[in-house]
Amino acid sequence: MARREIPDEYLDRYAQILAEAGATGRRLTREELESLRARGERAAEAGFGLRALVRRHVSVARDAWPELPSASGAHVLAVVEQAIDAFAEGHERAQLLTVRQEEAVRREFIDDLLYGRSDLGRLSERAERFGLLLSRAHAVAVAQGMRPVEDTHPAARHVESAVVARFGERRILLTSKDGRLVCIAPGEQDDVLSFFAKQAYAATKGGRVAIGRPHPDAGGVVHSYEEALSALDLAERLDIEGPVLRAADLLVYPVLTRDRQAMADLVESALGPLQKARGGARPLVETLTAYFDAGCVAAEAARRLGLSVRAFTYRLERIHHLTGAAPADSIHRYTLQTAVIGARLLGWPDDNL
(Lines give C-alpha, C1' and ligand atoms only; values in the text may rest on other atoms or scores of the structure.)
Protein backbone atom coordinates (compact mmCIF):
# COMPACT_ATOMS: atom_id res chain seq x y z
CA MET A 1 0.00 0.00 0.00
CA ALA A 2 1.41 3.40 -1.01
CA ARG A 3 2.20 5.82 1.78
CA ARG A 4 -0.10 8.85 1.84
CA GLU A 5 1.72 12.12 1.20
CA ILE A 6 1.21 14.66 3.96
CA PRO A 7 -0.06 17.99 2.55
CA ASP A 8 1.93 21.15 3.21
CA GLU A 9 -1.01 22.71 5.04
CA TYR A 10 -0.11 20.70 8.16
CA LEU A 11 3.34 22.33 8.24
CA ASP A 12 2.25 25.89 7.45
CA ARG A 13 4.98 28.40 8.47
CA TYR A 14 6.96 25.66 10.22
CA ALA A 15 10.17 26.25 8.21
CA GLN A 16 9.75 30.00 8.66
CA ILE A 17 9.41 29.59 12.43
CA LEU A 18 12.64 27.59 12.54
CA ALA A 19 14.43 30.25 10.52
CA GLU A 20 13.21 33.01 12.85
CA ALA A 21 14.18 30.98 15.91
CA GLY A 22 17.68 30.49 14.51
CA ALA A 23 18.06 34.17 13.68
CA THR A 24 16.56 35.70 16.82
CA GLY A 25 16.84 32.96 19.45
CA ARG A 26 13.16 33.24 20.31
CA ARG A 27 10.86 30.47 21.49
CA LEU A 28 7.43 29.66 20.09
CA THR A 29 4.65 32.05 21.00
CA ARG A 30 1.39 31.00 22.62
CA GLU A 31 -0.45 31.61 19.33
CA GLU A 32 2.04 29.46 17.41
CA LEU A 33 1.74 26.63 19.91
CA GLU A 34 -2.05 26.71 19.71
CA SER A 35 -1.87 26.78 15.92
CA LEU A 36 0.34 23.69 15.98
CA ARG A 37 -2.10 21.89 18.29
CA ALA A 38 -4.98 22.78 15.96
CA ARG A 39 -3.07 21.45 12.94
CA GLY A 40 -2.33 18.26 14.87
CA GLU A 41 -6.05 17.80 15.53
CA ARG A 42 -6.91 18.32 11.86
CA ALA A 43 -4.22 15.88 10.76
CA ALA A 44 -5.59 13.22 13.12
CA GLU A 45 -9.13 13.80 11.84
CA ALA A 46 -7.81 13.42 8.28
CA GLY A 47 -6.39 10.02 9.19
CA PHE A 48 -2.65 10.79 9.16
CA GLY A 49 -0.58 8.78 11.62
CA LEU A 50 1.53 10.52 14.23
CA ARG A 51 4.75 8.73 13.27
CA ALA A 52 4.52 9.92 9.66
CA LEU A 53 3.74 13.47 10.79
CA VAL A 54 6.69 13.57 13.18
CA ARG A 55 8.93 12.20 10.46
CA ARG A 56 7.78 14.98 8.12
CA HIS A 57 8.50 17.66 10.74
CA VAL A 58 11.98 16.26 11.31
CA SER A 59 12.55 16.13 7.53
CA VAL A 60 11.62 19.81 7.13
CA ALA A 61 13.95 20.73 9.98
CA ARG A 62 16.76 18.75 8.39
CA ASP A 63 16.25 20.48 5.04
CA ALA A 64 16.28 23.88 6.73
CA TRP A 65 19.34 23.13 8.86
CA PRO A 66 22.06 24.27 6.35
CA GLU A 67 20.49 27.73 6.17
CA LEU A 68 20.51 28.25 9.93
CA PRO A 69 23.27 30.13 11.77
CA SER A 70 25.85 27.62 13.00
CA ALA A 71 25.66 28.90 16.57
CA SER A 72 21.90 28.44 16.83
CA GLY A 73 21.75 24.65 16.39
CA ALA A 74 20.97 23.70 20.01
CA HIS A 75 18.30 26.39 20.27
CA VAL A 76 16.63 25.36 17.02
CA LEU A 77 16.53 21.74 18.19
CA ALA A 78 14.72 22.92 21.32
CA VAL A 79 12.19 24.77 19.14
CA VAL A 80 11.72 21.65 16.97
CA GLU A 81 11.05 19.66 20.13
CA GLN A 82 8.58 22.31 21.32
CA ALA A 83 6.77 22.37 17.98
CA ILE A 84 6.50 18.59 17.61
CA ASP A 85 5.29 18.26 21.21
CA ALA A 86 2.48 20.79 20.60
CA PHE A 87 1.55 19.16 17.30
CA ALA A 88 1.48 15.70 18.92
CA GLU A 89 -0.63 17.01 21.78
CA GLY A 90 -3.30 18.17 19.35
CA HIS A 91 -3.11 14.90 17.42
CA GLU A 92 -3.53 12.81 20.58
CA ARG A 93 -6.36 15.03 21.79
CA ALA A 94 -8.26 14.46 18.56
CA GLN A 95 -7.65 10.71 18.72
CA LEU A 96 -8.90 10.53 22.30
CA LEU A 97 -12.04 12.41 21.34
CA THR A 98 -12.59 10.01 18.44
CA VAL A 99 -12.20 7.01 20.72
CA ARG A 100 -14.71 8.45 23.19
CA GLN A 101 -17.19 9.20 20.43
CA GLU A 102 -16.77 5.72 18.98
CA GLU A 103 -17.29 4.17 22.41
CA ALA A 104 -20.45 6.25 22.90
CA VAL A 105 -21.78 5.03 19.54
CA ARG A 106 -20.88 1.44 20.44
CA ARG A 107 -22.53 1.68 23.85
CA GLU A 108 -25.70 3.15 22.33
CA PHE A 109 -25.81 0.30 19.81
CA ILE A 110 -25.35 -2.33 22.51
CA ASP A 111 -28.09 -0.80 24.65
CA ASP A 112 -30.47 -0.74 21.67
CA LEU A 113 -29.53 -4.31 20.71
CA LEU A 114 -29.91 -5.90 24.15
CA TYR A 115 -33.07 -4.00 25.04
CA GLY A 116 -34.73 -4.47 21.66
CA ARG A 117 -34.96 -0.76 20.95
CA SER A 118 -34.64 1.02 17.60
CA ASP A 119 -35.96 0.05 14.19
CA LEU A 120 -34.83 -3.50 13.34
CA GLY A 121 -33.71 -2.55 9.85
CA ARG A 122 -31.62 0.33 11.11
CA LEU A 123 -30.29 -1.85 13.94
CA SER A 124 -29.13 -4.46 11.42
CA GLU A 125 -27.26 -1.81 9.43
CA ARG A 126 -25.51 -0.56 12.55
CA ALA A 127 -24.70 -4.12 13.62
CA GLU A 128 -22.51 -4.74 10.56
CA ARG A 129 -20.23 -1.94 11.72
CA PHE A 130 -19.57 -3.95 14.88
CA GLY A 131 -19.13 -7.30 13.14
CA LEU A 132 -22.62 -8.81 13.52
CA LEU A 133 -24.92 -10.07 10.77
CA LEU A 134 -28.34 -10.00 12.40
CA SER A 135 -29.88 -11.91 9.50
CA ARG A 136 -28.32 -14.98 11.15
CA ALA A 137 -29.28 -16.63 14.42
CA HIS A 138 -27.23 -15.57 17.45
CA ALA A 139 -26.77 -16.78 20.99
CA VAL A 140 -25.69 -14.73 24.00
CA ALA A 141 -23.54 -15.71 26.96
CA VAL A 142 -23.55 -13.60 30.13
CA ALA A 143 -20.89 -13.85 32.85
CA GLN A 144 -21.51 -12.55 36.36
CA GLY A 145 -18.76 -12.26 38.94
CA MET A 146 -18.79 -11.55 42.64
CA ARG A 147 -18.23 -7.87 41.79
CA PRO A 148 -19.42 -5.74 38.85
CA VAL A 149 -17.21 -5.88 35.75
CA GLU A 150 -17.06 -3.05 33.20
CA ASP A 151 -15.24 -2.72 29.88
CA THR A 152 -12.10 -1.28 31.50
CA HIS A 153 -11.89 -3.96 34.20
CA PRO A 154 -8.81 -6.23 33.96
CA ALA A 155 -11.08 -9.27 33.79
CA ALA A 156 -12.89 -7.82 30.76
CA ARG A 157 -9.61 -7.07 28.98
CA HIS A 158 -8.27 -10.55 29.75
CA VAL A 159 -11.36 -12.30 28.40
CA GLU A 160 -11.49 -10.13 25.29
CA SER A 161 -7.80 -10.72 24.54
CA ALA A 162 -8.19 -14.48 24.90
CA VAL A 163 -11.33 -14.68 22.74
CA VAL A 164 -9.95 -12.41 20.02
CA ALA A 165 -6.68 -14.34 19.95
CA ARG A 166 -8.59 -17.60 19.50
CA PHE A 167 -11.45 -16.50 17.22
CA GLY A 168 -10.26 -13.17 15.82
CA GLU A 169 -11.76 -13.60 12.35
CA ARG A 170 -15.23 -14.60 13.50
CA ARG A 171 -18.17 -12.22 13.89
CA ILE A 172 -18.25 -11.86 17.66
CA LEU A 173 -19.21 -8.93 19.87
CA LEU A 174 -17.76 -8.71 23.38
CA THR A 175 -18.96 -6.06 25.80
CA SER A 176 -20.18 -5.44 29.32
CA LYS A 177 -23.68 -4.60 30.48
CA ASP A 178 -24.87 -3.77 33.98
CA GLY A 179 -21.67 -5.06 35.55
CA ARG A 180 -21.67 -8.35 33.61
CA LEU A 181 -19.56 -9.57 30.69
CA VAL A 182 -21.52 -10.34 27.52
CA CYS A 183 -20.54 -12.34 24.44
CA ILE A 184 -22.73 -12.40 21.30
CA ALA A 185 -21.82 -15.01 18.70
CA PRO A 186 -23.44 -16.76 15.72
CA GLY A 187 -25.78 -19.45 16.98
CA GLU A 188 -23.94 -22.34 15.33
CA GLN A 189 -20.62 -21.38 16.93
CA ASP A 190 -21.11 -22.87 20.37
CA ASP A 191 -17.34 -23.32 20.68
CA VAL A 192 -17.01 -19.54 20.95
CA LEU A 193 -19.50 -19.28 23.80
CA SER A 194 -18.01 -22.29 25.60
CA PHE A 195 -14.53 -20.79 25.36
CA PHE A 196 -15.87 -17.42 26.55
CA ALA A 197 -17.52 -19.16 29.51
CA LYS A 198 -14.27 -20.86 30.47
CA GLN A 199 -12.26 -17.65 30.24
CA ALA A 200 -14.88 -15.56 32.06
CA TYR A 201 -15.15 -18.10 34.88
CA ALA A 202 -11.39 -17.93 35.42
CA ALA A 203 -11.15 -14.15 35.04
CA THR A 204 -13.95 -13.45 37.52
CA LYS A 205 -12.41 -15.89 40.00
CA GLY A 206 -15.33 -18.25 40.27
CA GLY A 207 -18.17 -16.32 38.71
CA ARG A 208 -21.05 -17.92 36.88
CA VAL A 209 -21.86 -17.93 33.17
CA ALA A 210 -25.23 -18.51 31.52
CA ILE A 211 -25.73 -19.23 27.82
CA GLY A 212 -29.00 -18.47 26.07
CA ARG A 213 -30.37 -20.48 23.15
CA PRO A 214 -29.77 -19.37 19.53
CA HIS A 215 -32.58 -17.27 18.05
CA PRO A 216 -32.85 -15.58 14.63
CA ASP A 217 -32.79 -11.88 13.74
CA ALA A 218 -32.18 -8.87 15.97
CA GLY A 219 -35.06 -9.80 18.26
CA GLY A 220 -33.37 -13.17 18.76
CA VAL A 221 -30.37 -11.50 20.39
CA VAL A 222 -32.66 -9.90 22.96
CA HIS A 223 -34.44 -13.22 23.54
CA SER A 224 -31.18 -15.12 24.05
CA TYR A 225 -29.82 -12.39 26.33
CA GLU A 226 -32.95 -12.48 28.49
CA GLU A 227 -32.76 -16.28 28.68
CA ALA A 228 -29.19 -16.02 29.96
CA LEU A 229 -30.19 -13.44 32.59
CA SER A 230 -33.12 -15.61 33.68
CA ALA A 231 -30.78 -18.59 34.02
CA LEU A 232 -28.47 -16.58 36.30
CA ASP A 233 -31.45 -15.51 38.40
CA LEU A 234 -32.73 -19.08 38.65
CA ALA A 235 -29.31 -20.35 39.65
CA GLU A 236 -29.16 -17.86 42.49
CA ARG A 237 -32.66 -18.56 43.76
CA LEU A 238 -32.42 -22.34 43.43
CA ASP A 239 -28.75 -22.72 44.40
CA ILE A 240 -28.08 -24.54 41.16
CA GLU A 241 -24.51 -25.79 41.13
CA GLY A 242 -22.07 -25.52 38.28
CA PRO A 243 -20.17 -22.57 36.77
CA VAL A 244 -21.88 -22.78 33.36
CA LEU A 245 -25.65 -22.82 32.90
CA ARG A 246 -27.50 -23.37 29.65
CA ALA A 247 -30.97 -21.97 29.21
CA ALA A 248 -31.91 -25.05 27.18
CA ASP A 249 -31.38 -27.20 30.30
CA LEU A 250 -33.57 -24.99 32.51
CA LEU A 251 -36.70 -24.66 30.38
CA VAL A 252 -38.81 -26.51 32.92
CA TYR A 253 -38.51 -23.68 35.45
CA PRO A 254 -40.14 -20.94 33.35
CA VAL A 255 -42.92 -23.42 32.62
CA LEU A 256 -43.47 -24.02 36.32
CA THR A 257 -43.68 -20.31 37.09
CA ARG A 258 -45.71 -19.25 34.06
CA ASP A 259 -48.90 -19.48 36.15
CA ARG A 260 -47.74 -17.97 39.40
CA GLN A 261 -51.09 -18.34 41.17
CA ALA A 262 -51.32 -22.02 40.32
CA MET A 263 -47.80 -22.57 41.65
CA ALA A 264 -48.62 -20.60 44.81
CA ASP A 265 -51.71 -22.76 45.34
CA LEU A 266 -49.59 -25.92 44.97
CA VAL A 267 -47.00 -24.70 47.47
CA GLU A 268 -49.68 -23.72 49.97
CA SER A 269 -51.52 -26.99 49.57
CA ALA A 270 -48.53 -29.35 49.59
CA LEU A 271 -46.15 -27.55 51.96
CA GLY A 272 -48.40 -25.23 53.99
CA PRO A 273 -48.92 -27.83 56.76
CA LEU A 274 -45.16 -27.76 57.46
CA GLN A 275 -45.63 -24.38 59.12
CA LYS A 276 -47.16 -26.24 62.08
CA ALA A 277 -43.82 -27.88 62.84
CA ARG A 278 -41.68 -26.68 65.72
CA GLY A 279 -39.24 -24.22 64.17
CA GLY A 280 -41.50 -23.52 61.22
CA ALA A 281 -41.47 -24.81 57.68
CA ARG A 282 -37.97 -23.74 56.63
CA PRO A 283 -35.94 -26.65 58.15
CA LEU A 284 -38.31 -29.21 56.64
CA VAL A 285 -38.29 -27.51 53.21
CA GLU A 286 -34.47 -27.59 53.36
CA THR A 287 -34.74 -31.29 54.25
CA LEU A 288 -36.83 -31.98 51.15
CA THR A 289 -34.50 -29.88 49.00
CA ALA A 290 -31.45 -31.85 50.13
CA TYR A 291 -33.31 -35.14 49.68
CA PHE A 292 -34.32 -34.42 46.10
CA ASP A 293 -30.94 -32.89 45.18
CA ALA A 294 -29.26 -36.06 46.47
CA GLY A 295 -31.36 -38.25 44.20
CA CYS A 296 -33.60 -39.32 47.09
CA VAL A 297 -30.67 -40.99 48.86
CA ALA A 298 -31.21 -40.30 52.55
CA ALA A 299 -27.61 -40.96 53.60
CA GLU A 300 -26.20 -38.45 51.08
CA ALA A 301 -28.86 -35.87 51.94
CA ALA A 302 -28.11 -36.28 55.65
CA ARG A 303 -24.40 -35.73 54.96
CA ARG A 304 -25.13 -32.52 53.03
CA LEU A 305 -27.16 -31.16 55.94
CA GLY A 306 -24.70 -32.33 58.60
CA LEU A 307 -27.29 -34.64 60.20
CA SER A 308 -27.21 -38.26 61.21
CA VAL A 309 -29.19 -40.59 58.97
CA ARG A 310 -31.50 -41.30 61.91
CA ALA A 311 -32.22 -37.57 62.46
CA PHE A 312 -32.77 -37.07 58.76
CA THR A 313 -35.15 -40.03 58.52
CA TYR A 314 -37.11 -38.61 61.46
CA ARG A 315 -37.54 -35.37 59.54
CA LEU A 316 -38.90 -37.25 56.51
CA GLU A 317 -41.38 -39.04 58.76
CA ARG A 318 -42.41 -35.71 60.25
CA ILE A 319 -43.03 -34.31 56.77
CA HIS A 320 -45.15 -37.35 55.95
CA HIS A 321 -47.15 -36.92 59.13
CA LEU A 322 -47.83 -33.20 58.57
CA THR A 323 -48.55 -33.25 54.82
CA GLY A 324 -49.89 -36.76 54.34
CA ALA A 325 -47.37 -37.17 51.46
CA ALA A 326 -44.45 -39.58 51.70
CA PRO A 327 -41.28 -38.24 50.01
CA ALA A 328 -40.20 -41.78 49.13
CA ASP A 329 -43.48 -42.56 47.34
CA SER A 330 -43.16 -42.05 43.55
CA ILE A 331 -46.51 -40.22 43.18
CA HIS A 332 -46.13 -38.09 46.29
CA ARG A 333 -42.47 -37.39 45.46
CA TYR A 334 -43.32 -35.63 42.19
CA THR A 335 -45.87 -33.36 43.91
CA LEU A 336 -43.53 -32.54 46.78
CA GLN A 337 -40.52 -31.92 44.54
CA THR A 338 -42.51 -29.61 42.25
CA ALA A 339 -43.84 -27.76 45.31
CA VAL A 340 -40.30 -27.41 46.72
CA ILE A 341 -39.08 -25.95 43.43
CA GLY A 342 -42.03 -23.56 43.46
CA ALA A 343 -41.31 -22.55 47.05
CA ARG A 344 -37.72 -21.72 46.17
CA LEU A 345 -38.78 -19.75 43.11
CA LEU A 346 -41.40 -17.81 45.06
CA GLY A 347 -39.23 -17.27 48.13
CA TRP A 348 -41.58 -19.23 50.43
CA PRO A 349 -41.84 -19.44 53.41
CA ASP A 350 -39.92 -16.16 53.90
CA ASP A 351 -42.26 -14.30 51.51
CA ASN A 352 -46.02 -14.52 51.63
CA LEU A 353 -47.69 -16.15 48.64
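Modeller: In this predicted model, helices are DSSP runs of H or I with at least four residues, numbered from the N terminus.

Biologist: Which helix holds Arg 37, and is Arg 37 buried or exposed?

Modeller: Arg 37 sits in helix H2, residues 30-45. Buried means under 20% relative accessible area.

Biologist: Which side chain makes a polar contact with the side chain of Arg 37?

Modeller: Beyond four places in sequence, Arg 37 is in contact with Ala 86, Glu 89, Gly 90 and Arg 93. A polar contact of 3.0 Å links the Arg 37 side chain to that of Glu 89.

Biologist: Is Ala 61 buried or exposed?

Modeller: Ala 61 belongs to helix H3, residues 50-64. Leaving aside neighbours within four places, Ala 61 is in contact with Tyr 14, Leu 18 and Val 80. The relative accessible area of Ala 61 is 10%, so Ala 61 is buried.

Biologist: What separates the C-alpha atoms of Ala 61 and Val 140?

Modeller: Along the chain, Ala 61 and Val 140 are 79 residues apart. Their C-alpha atoms are separated by 55 Å.

Biologist: Which helix gives the largest share of the lining of the largest pocket?

Modeller: The largest pocket holds about 670 Å³ of space. H8, H11, H12 and H14 each supply at least two lining residues. The largest share, seven residues, comes from H11.

Biologist: How many residues of that lining are charged?

Modeller: The lining has 25 residues; Asp 239, Asp 293 and Arg 344 are among those nearest the centre. By class, 13 are nonpolar and three polar, and the charged ones number nine.

Note on methods: Residues numbered from 1 in each chain as written. Predicted model: local features only at pLDDT ≥ 70, side-chain atom pairs only at ≥ 80, totals over all residues. Heavy atoms only, no water. 1 Å grid on protein atoms, 1.4 Å probe; cavity = no way out; pocket = protein on both sides within 12 Å on 5 of 7 lines; lining within 4 Å. Points joined across faces, edges and corners; volume = space filled by probe spheres on them. Nonpolar A, V, L, I, M, F, W, Y, C, P; charged D, E, K, R; others polar. Polar contact = N/O pair within 3.5 Å; in protein donor to acceptor, adjacent residues only side chain to side chain. Contact = heavy atoms within 4.5 Å. Buried < 20%, exposed > 50% of the residue type's maximum accessible area, 1.4 Å probe, protein only.
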